[in-house]
Amino acid sequence: MAGFFDSSRPLRIIQVIQIYASRSFPINGTGHGLIEALRLIFTGDAALLEIVSLSLRVSGIALLFSTLIGVPLGAALGLGRFVGRKLIVAFMYTGMGFPPVVIGLIVYLLLSRSGPLGSLNSPVVPTLFTPGAMVIAQSIIAFPLVAGFTMAAVMGVDAGLRQQVRALGATTWQTTLTVLAEARVGVIVSIIAGFGGIISEVGAVMLVGGNIDGRTRVLTTAIVLETRQGNFDLALALGAILLAITFIINVAMLRMQGKTLDE
Amino acid sequence: MNDDQPFCYRVQNLTKAYGSRQVLQLDALDIRPGEIFALVGPSGSGKSTLLRLLNFLEPPTSGAITFQDATVDAGRPAPLALRRRVTTVAQRPILLNRSVWANVQFGLQLRGSRDREGTVAAALAEVGLAHLARQAARTLSGGEAQRVALARAMVIAPDVLLLDEPTANLDPYNVGVIEETVRRLNRQRAMTVVLVTHNVFQARRLAHRIGLLLDGRLIEIAATEDFFANPQDPRTGAFVRGEMVY
Ligand SMILES: Nc1ncnc2c1ncn2[C@@H]1O[C@H](COP(=O)(O)OP(=O)(O)O)[C@@H](O)[C@H]1O
Ligand SMILES: [Mg+2]
C-alpha cells in the first residue's frame, strides 16, 4: 500500500510528449494522431502504463471499500426491518445520483489542512493531492451504487426463500448469506456498476487528486490535460483505453444482467 | 426419539395473533412420537401458521409448546438446536438456484457436516431422482422440484417432518411418489409427521390421527377411522362430506 501511494514515476508524460514532439510527429490529432495513439498503446509506453495502472489501482481499491460497505448495507436494507431504514434508503438513492464533483468538493474541504479531518494530522487520514484522497472520494461515489443495486437484487429474491432456509436450520447469518448467494448475479452487477461509476469520473479526482504528473494523474484527468495542451495523440490513446475499459465493463454488466433473465 | 414420553409435541393454551388479529387458539394438542398426524381445515383456518409455530420459525403469542424435552414459551425465539430437529416441506418447493445435488445437501452444509455416508445420493434415490443430481434445480418440473424438496428435508434426518399441503397442484404420479416416501420415512425411520392438507382423502390414506381446524380452533381430533366413520362434531361430518361452505 505504501508503495502504491507514494511511488515515484521514472518517466514523465511531458518528457514523452517532448520526445515525440522533437521527432516532429504531428500533434494536432488528425490521421497521424490516431496512428500514434495506437503506437503508444501497443508499444506499452511507460507513461501511459503508469496512468492506466494508477487509474485501475485507485478505482480498484475504492471499489473494494465500496463493496465491503455497499454489499452488507444493501443486504441489510433489502432484508431488514428496522427504525430509520426508509431514511437510509432515501439517503442512498440521493447518493446514487449525487454529482461526483460535489462529493469531490466535500472530500476536498474535509481533507484540506484546515478541514475537520485534515487538521487532525492523523496518519490514517490521507492528505489532499494523493491517491489516498482519490480513493476516499471514489469510495464515497461508488458505495451508494453498490448498496442500491445490491438492495434491489436482494429484494428480488423470493420472499418465501428465507423462511424455507430457516426451516432447514439456517441461522440468521446463514440465511442472509444464502439470500445474497441467490442474488449473486445482481450483486455482481452492483459491483460492476460501482466500478463503471468511478473509473470514468473526472471531477472529483481532479479536485482531490490535483492531476499531478506522475503522482495523481489518472486516465480522465490526463485526457483533460493533454487535450488542453493539444497533445491529441496521447489524449486519444488515453481515451481509447478508457473507452475499452468502460466497454468491457458494460459488456460484462449486460452479460450478467442477461444471466439474471435466464435464471 | 424419546419413547418414555407420550408426546412429541405438547401444545397448551396456545394463541397466535398478528397485530390485533388472533388466528390461532388451541387449548390442548398432543402429537405423538412416530405418528402421522393430519391437520385438515379450510383455507385460512390457521394450518400454515400452526406449522410455522411447530417449526419454531415464530414464537406463540401466548401459551407454550413443549417439544421432546424442551419448552418454548410465548414471545421468545426457540434455540437453534431445537429448530434444527424439525423441518418443513411447503406447498411451493422453493429450491435454491443451484444444482439438485447442492439443494439436497444444503441442510448438511448449514450444520457444518459433510455428506460422508452418501446420504444425499440415498435421499435422491428414495424420491426416484438419482439421475437428476447434476441438473440445475430451476430446470425441474413442479413434481420433480417437490420431490427434491422432500429429499432435502429427509437428508437432515429430522425428528419431525412438517408437510404443508405438499401435493397440492401435483399430478397423480408425483402425489403417489411423495405419499409413498412419507409413509416409508414414518415406518422405517419412525419419523413423526404432521401433514397439513385440505384433501381429506390424502389424510385418510396417510394419517393415524386427524385434527380439524376451523377459524384457528381445533374442532375435533380423532383416529382416522373414527374421524370419518363416527365424527363427534357435526362440522367434522360436513367437512368430510365436502359440504362445508368456505
Ligand atoms: N404473517 C401474517 N401476518 C398477518 N396475518 C397472517 C400472517 N400469516 C397468516 N395470517 C392470517 O392468518 C390466517 C391463517 O392463515 P394460514 O395459517 O396461512 O391459514 P391456512 O394455512 O389454513 O390456509 C389467515 O387469515 C391469514 O390471513
Ligand atoms: Mg396454508
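In this predicted model, a polar side-chain atom of B:R21 lies 2.6 Å from an oxygen atom of ligand 1, a polar contact in the sense used here (a pair of N or O atoms within 3.5 Å; within protein, one must be able to donate a hydrogen and the other to accept it, and residues adjacent in sequence count only if both atoms are side-chain atoms). The backbone takes part as well: an N or O backbone atom of B:G44 is 2.7 Å from an oxygen atom of ligand 1, and for a polar backbone atom of B:S45 the distance to a ligand oxygen is 3.2 Å. On its own, ligand 1 has 560 Å² of accessible area, of which the protein covers 64% (Shrake-Rupley method, 1.4 Å probe; for residues, only the protein chains shown count as cover).

The shell around ligand 1 (residues with a heavy atom within 4 Å) includes B:Y18, B:V23, B:P42, B:K47 and B:R52. Two elements of chain B, β2 (21-31) and α1 (47-54), each supply at least two shell residues, and α1(B) gives the largest share, with four. Helices (H or I, at least four residues) and strands (E, at least two) are DSSP runs, numbered from the N terminus.

At least three core residues come from each of domain 1 (1-85 + 159-246) and domain 2 (93-157) of chain B, with bounds from an automatic or database domain assignment. Beyond four places in sequence, the contacts of B:L163 (heavy atoms within 4.5 Å) include B:L51, B:V89, B:L150 and B:V182.

Chain A has 13 helices and zero strands. Of its 263 residues, 47% are buried. Among chain A contacts between residues at least 6 apart in sequence, 75% join residues at least 24 apart.

Residues are numbered from 1 along each chain as its sequence is written, with chains lettered from A and ligands numbered from 1 in the order written. Local features need pLDDT of at least 70 and side-chain atom pairs pLDDT 80 or more, while totals for chains, interfaces and linings use all residues; side-chain values use heavy atoms, leaving out hydrogens and water.

Terms used
Buried < 20%, exposed > 50% of the residue type's maximum accessible area, 1.4 Å probe, protein only.
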